[in-house]
Amino acid sequence: MIMNNNGFTYNSKSHLALPDDVLLKIEKPARYIGGEVNSVDKRELLESGKISVRYAMCFPDVYEIGMSHLGIQIICEQLNRLPDVWCERVYSPWPDLHSIMKDRGIPLFALESQDPVKDFDFLGITLQYELCYANILQILDLAGIPLHAADRGEDCPIVCAGGPCTYNPEPLADFFDFFYIGESETVMNDIVLLRRDMKAAGRSRAEYLRELSHIPGMYVPSLYDVAYNEDGTLASFEPKYPDVPARVVKQVCMNLSEAPYPEKPLVPYIKVTQDRVVLEIMRGCIRGCRFCQAGMLYRPLREKSLEMLKREADLMLSGTGQEEISLSSLSSSDYSKLPELLDYLIGKFRVRSINISLPSLRIDNFSLDVMKQVQDVKKSSLTFAPEAGTQRLRDVINKGITEADIMKGSSAAFRGGWNKVKLYFMLGLPTETEEDMKGIAHLAQAICDNYYEIPKAERNGKCEITVSTSFFVPKPFTPFQWAPMYRQDDYLTRAQIVKNEIRSMKNQKSIRYMWHEANSTVLEGVFARGDRRLGDVIEYAYRHGALFDAWTDYFRMDIWMEAFAACGIDHEFYTLRERPVDELLPWDFIDIGVTRRFMEREWKRAKEGFTTPNCREKCSGCGARIFGGGVCFEERHDDGSSVISWKSRDEETGADHKEEDPA
Amino acid sequence: MKVRMKMTKTGPIRYVGHLDFMRFFQKALRRSGILTAFSRGYSPHMLISFASPLGVGLESLAEYVDVDLAYRDDFELSESDVQHLKNMGLENEELPPVPASEVLAEMVNREMPEGVRVLLMRRVGVTDKAMALVTGADYLVFLKNGFLKDTDLASAIASFLAEKSIVIHKVTPKSESDVDIRPLIRELAVSNKGAAAPEGYERALFMSLSAGSAANLKPETVVEALCRHLGQEYDPLALRILRTEMYAGDKKPFSEIGEAF
């Protein structure tokens, strides 16, 4: 079936899993065709029998979101460097295709080979947010894999998960064979190769999982017994067998400069959310914001070397042809060689008309100067995240910025020519009062005043301030993991108070206010700190139509409410209680390095309004030092202010800390 | 120097829409190492223009795209051409000499997936615009087995073309109107190229239709009108469409426009 034209062979044969009439009918069919530039094709090796492990790596959301995720690309890069392993990608079929696949019985397939996922050795799913839990069941269901790990036979792929939500994996315990607690750069290859070797030796799935539980960081939920007290709280959480560890320790990669990194990232055919090259400059954060899970989970801070970053930037841009490079980290300003890195990037790439985007920078003179070089001041806006409206509440959350910082930053920005400012806040933070809510409006007004103090001739028209609030959800492994949440109405009342106060401000016409949905916040809160009993709820909701809950247009709270009722679960048990610090929490068996004792201390200090210095100012003995790296091991200041005052972690957890309270 | 490339877009990439394909093409050019010109201003972009957008799902053996390259143009330049280059920040005389078109084509092809190939590259005038030149296009329309299965296509086409006018009701997001498509059908015949057909599509129609900004007729519209003429049900999912050539003026193939280099 060929035809020649100027020496070109027209090949009309299709290797796609979806037939033409389906592809023509659905939205954005290019989501499902694979074959993106730099995707790894090991079909020839597969056909000649040289692939021993097939790994399907899944982001349980739509293609455009999943393709923007760096972690999956790191894992694909890492696994595909193993000659006999082929790691491919899977994303959630959009609802239009979902129903066609269900109707016609088309099995879920991986993008590269277009082969059914059911035939793979592993299905790994990254858990980035709680509202994707129904989508996980969709993936299993469409793949034709039994939803419950207990029902899977020897031929089924091993279903595992990693990512931030695995730090409380319990709501999903029924559905996964194991959870990977930690970073892929550590033991991911080991778990894959162990499967290969045990499969070759004819060992069973159960034998593999038992053996796997001995690898640090691997949590096999079926190997643990859980018991509850009459009041619904957790009574005990114990391994079933003596060889299974009682504590699962997070695995951390201490040398990121030598870790695998996608030097030729994928280039999608269609526009994805993060349509640029992403350069991770460091992992971890020194700041210690008490609401921030990532800030605790990814301790200690680990920087990549400047030389490595320069090399990666060069390779990634030339290998993709992307027009933009974005620096990724939790707080880019804290990267110690940021000026040198930016000098290099601007010097080398601006002339090639490549954009440089710099999220998560602190607004100071240095960063304003840099931003002026890389963006059009007239068109762009600056973003501040004060998170709370008053200094009292910012101290409670340990945000580490003062009103003066914000005023100085916005003033410098206005004088530099910017007139658009975005402000991010959270509502529903612990100890929040009406004054704190109104404080959001007052802060926005104060920034406006700041703008109009500039002589009219030097101003760039009117100032535009956008205030956005989201509702705070307490997360495991943060000092706020014991904090209560609120009811949906209560959240909306809080947003209403902010709205009314903004409307009463002098420059209210210059201030736009946007707030987040409240009902999905409640659901997120339930799963964030939930336990194993929620598995039934997730299954019920999926079977009754819950899907793509992270998408406002698809989110159906009524299905979830029905699911809670049908399963006899009081969802407010998980949200409204302030948990006592002596309660056994479902995730207490995981050890992230940062100790429970540190978090208890931080929770107490939060309620007392005391701040805690960041890691570079002073070590507060969080416990992450156990990993043998990070700021704790950086050179200290001459005044000795950050000298570690304790010798071992055991000693630290036993001793009482006596920091000076700033008050 | 401005070049016009002729390239194919076949295989799975036919599911990539026009705007996405343009962005994909720009990234391929960046990877290729070819020196391209950029617009001026705060966010400079490549100067790329496709002759005619191809719908999602359609394949083509003859996509034409104009690209401004940062190579010296050794053909005769008018005053306004020189000015045009200056507006892009380019001094023609200071630019490097252009490699042979085959070399440039190979640089691009190395960056393309199977199914996308630059077949030809010719130099065109600095201010020429492919989009403005398009007057017609040829298509092969493969019919899915079972679709119009009891119809003798040759006689159906004969009676269809015998109509003095074929009026269709055209609805766009902006307007509704009745259009006579008969004058826009230059040629319509049963094709003997069925041998190149995809599996499950044994018969094919050849169409030469008006295209471009003045009057544009889509091949699927012709099949729809043919079905209505025959009193048969139209099925948009039963077609696989391959664009085979584009024309300027009075049927001058695009591949003959411009100068070889």
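Mentor: A:P300 sits in the loop between α9 (293-297) and β14 (302-303) of chain A. The model is a predicted one, and in it the peptide bond that joins A:R299 and A:P300 is cis, with omega at about 0°. Most peptide bonds are trans.

Backbone angles are also worth a look elsewhere. Most residues other than glycine have a negative phi. A:E387 has a positive phi, near 70°. This residue belongs to strand β17 of chain A, which covers residues 382-387. A:E387 is buried, because 22 other C-beta atoms lie within 10 Å and 20 or more are enough for that label. In chain B, B:L148 also has a positive phi, near 50°. Its place is the loop between β5 (134-143) and α5 (153-161) of chain B. B:L148 has 21 C-beta neighbours inside 10 Å, so this residue counts as buried.

Back in chain A, helix α6 (residues 133-143) holds A:Q138. A:Q138 counts as buried because it has 22 C-beta neighbours inside 10 Å. Leaving out residues up to four places away in sequence, A:Q138 touches A:S92, A:H98, A:Y542 and A:L547.

Another helix of chain A, α8, covers residues 205-212, and its buried residues are A:Y208, A:L209 and A:L212. Viewed down the axis of α8(A), these buried residues fall within an arc of 95°, so they line one face of the helix. They pack against β7 (178-180), α7 (184-200) and β8 (218-219) of chain A. A:F178 is in contact with A:L209 and A:L212, and also with A:C160, A:M218, A:Y219 and A:V220, once its neighbours within four places in sequence are left aside.

A:F178 leads on to the nonpolar core. In soluble globular proteins, nonpolar side chains tend to be buried together. The largest nonpolar core here has 251 residues, and A:F178 is one of those that touch the most other members.

Between them, 9 residues of domain 1 of chain B are in contact with 10 residues of domain 2 of chain B. On the side of domain 1 of chain B that touches domain 2 of chain B there are 6 nonpolar, 2 polar and 1 charged residues.

As a whole, chain B has 6 helices and 12 strands. Its C-alpha atoms fill a box of roughly 65 × 35 × 35 Å along the principal axes. Of the 261 residues in chain B, 39% are buried. Taking contacts in chain B between residues at least 6 apart in sequence, 74% join residues at least 24 apart.

The two chains also meet each other. Their contact takes 30 residues from chain A and 31 residues from chain B. On the side of chain A that touches chain B, the elements giving two or more residues are α1 (20-23) and α10 (306-320) of chain A. The largest share on that side, 3 residues, comes from α1(A). By class, the side of chain A that touches chain B has 14 nonpolar, 10 polar and 6 charged residues.

Last comes the confidence of the prediction. Chain A has a mean pLDDT of 92, and 94% of its residues reach 70 or more. Over residues 636-663 of chain A the pLDDT is below 50. In the model, this stretch has 29 contacts beyond near neighbours in sequence.

Methods:
Residues are numbered from 1 along each chain as its sequence is written. Chains are lettered from A and ligands numbered from 1 in the order in which they are written. This is a predicted model: local features need pLDDT of at least 70, side-chain atom pairs count only at pLDDT 80 or more; totals for chains, interfaces and linings use all residues. Two residues are in contact if their C-beta atoms, placed from the backbone, lie within 7 Å. Helices (H or I, at least four residues) and strands (E, at least two) are DSSP runs, numbered from the N terminus. Ala, Val, Leu, Ile, Met, Phe, Trp, Tyr, Cys and Pro count as nonpolar, Asp, Glu, Lys and Arg as charged, and the others, Gly among them, as polar. pLDDT is the predictor's confidence in each residue, from 0 to 100. A nonpolar core is a set of buried Ala, Val, Leu, Ile, Met, Phe, Trp, Tyr and Cys residues joined through C-beta atoms within 7 Å. A residue is buried if 20 or more other C-beta atoms lie within 10 Å of its own, exposed if 12 or fewer, and partly exposed in between; C-beta atoms are placed from the backbone. The arc is that of the directions from the helix axis to the C-beta atoms.
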